Amino acid sequence: MSVAVKLGPRATLADLLAIPEEQRFHEILDGELARKPMPSGPHGRAQRVLGGRIGDPYDRRPGGRLPGGWWIVTETEVQLEEDQVYRPDVLGWRRERLPELPATTPILVRPDWVCEVLSPSNARNDRVKKMRVYQRCGVPHYWMVDPEDQTLMVYRWTSEGYLLILTAERGERVRAEPFGEVELEMDALFGDEVA
């Protein structure tokens, strides 16, 4: 005998936007309104360092001595599907695809790069649920930074699924696509940068 399970109403963009902006640290994940956990010190530092190391050379018009050509933002709402509205920790768009950064929220254009900094309480969402949606929507580059394990995982989109192209840990310096012109020092992400 099968039993019918009644599902509650799915969260909508209107539900998300009804939360006052100063209190809206939420996402719509698989149709459910979910509050993002407050970041720990290591999480916040990794997010800030990565945003700066990538943003400083890339978040500008192309040309000149720095690579440029990107919009790099943090904690910005992006709608990937009707029931998938996320606030990735750091994300970016190539300016050739998105000539102006929209002032409205959420941004409806698929990002070209997303980086999630994992928190112990919701790492599964980033590793499974969000990764599945990013892949389905064709986000070309997906990074995961894990402050607890002190690792970086870099994925490239393929039609078969994400391909892991780089793993790095403390003590290493790497160049990771799509930002290969910049060397990233893993110790800097995890709090031990040497001056």
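These legends describe close-up views of one predicted model. Residues are numbered from 1 along each chain as its sequence is written, and side-chain values use heavy atoms, with hydrogens and water left out. In this predicted model, local features need pLDDT of at least 70 and side-chain atom pairs count only at pLDDT 80 or more, while totals for chains, interfaces and linings use all residues.

**View 1. The largest nonpolar core has 25 residues.** A nonpolar core is a set of buried Ala, Val, Leu, Ile, Met, Phe, Trp, Tyr and Cys residues joined through side-chain atoms within 4.5 Å. Buried means under 20% relative accessible area, exposed over 50%, and partly exposed in between (1.4 Å probe, protein chains only). Leu50, Ile54, Trp113 and Trp143 touch the most other members. Helix H2 (41–58), strand S3 (70–74), strand S7 (113–117), strand S8 (141–146), strand S9 (151–156) and helix H4 (186–189) each supply at least two residues. H2 gives the most, with 5 residues. Another core, of 22 residues, lies apart from this one and includes Val78, Val133, Tyr134 and Met144. Helices (H or I, at least four residues) and strands (E, at least two) are DSSP runs, numbered from the N terminus. In soluble globular proteins, nonpolar side chains tend to be buried together.

**View 2. Helix H2 has 18 residues.** From first C-alpha to last, H2 reaches 25 Å, close to the 26 Å expected at 1.5 Å a residue. That expected span is 1.5 Å times one less than the number of residues. Buried residues of H2 include His43, Leu50, Ile54 and Tyr58. Their cover includes S3, strand S6 (90–94), S7, S8, strand S12 (184–185) and H4. At the start of H2, a side-chain oxygen of Ser40 comes to within 3.2 Å of the backbone nitrogen of His43.

**View 3. Strands S1 (residues 26–29) and S2 (residues 32–35) form a hairpin.** The two strands pair in the antiparallel sense over 4 bridges. Two strands pair if DSSP finds at least two bridges between them. His26 has Arg35, in S2, as its bridge partner. The hairpin has 2 residues between the strands, and Asp30 takes a positive phi near 55°.

**View 4. Strand S8 is covered on both faces.** In S8, 6 of its 6 residues are buried. On one side are His141, Trp143 and Val145; on the other are Tyr142, Met144 and Asp146. S7 and S8 run parallel, joined by 5 bridges. Val117 has Val145, in S8, as its bridge partner.

**View 5. Ser119 sits in the loop between S7 and helix H3 (123–136).** Ser119 is buried, with a relative accessible area of 8%. Not counting residues up to four places away in sequence, Ser119 touches Pro37 and His43. Contact means heavy atoms within 4.5 Å.

**View 6. Thr151 lies in strand S9.** Thr151 counts as buried because its relative accessibility is 18%. Leaving aside neighbours within four places in sequence, Thr151 is in contact with Met144, Val145, Asp146, Ala168, Glu169 and Phe190. Thr151 and Met186 are 35 residues apart in sequence, yet 7.8 Å apart in space, C-alpha to C-alpha.

**View 7. The whole structure holds 0 disulfides.** A disulfide is a pair of cysteine sulfur atoms within 2.5 Å. Cys115 is in no disulfide; its nearest cysteine sulfur, that of Cys137, is 18 Å away. That distance is too far for a bond. Cys115 is buried, at 0% relative accessibility.

Methods. Polar contact = N/O pair within 3.5 Å; in protein donor to acceptor, adjacent residues only side chain to side chain.
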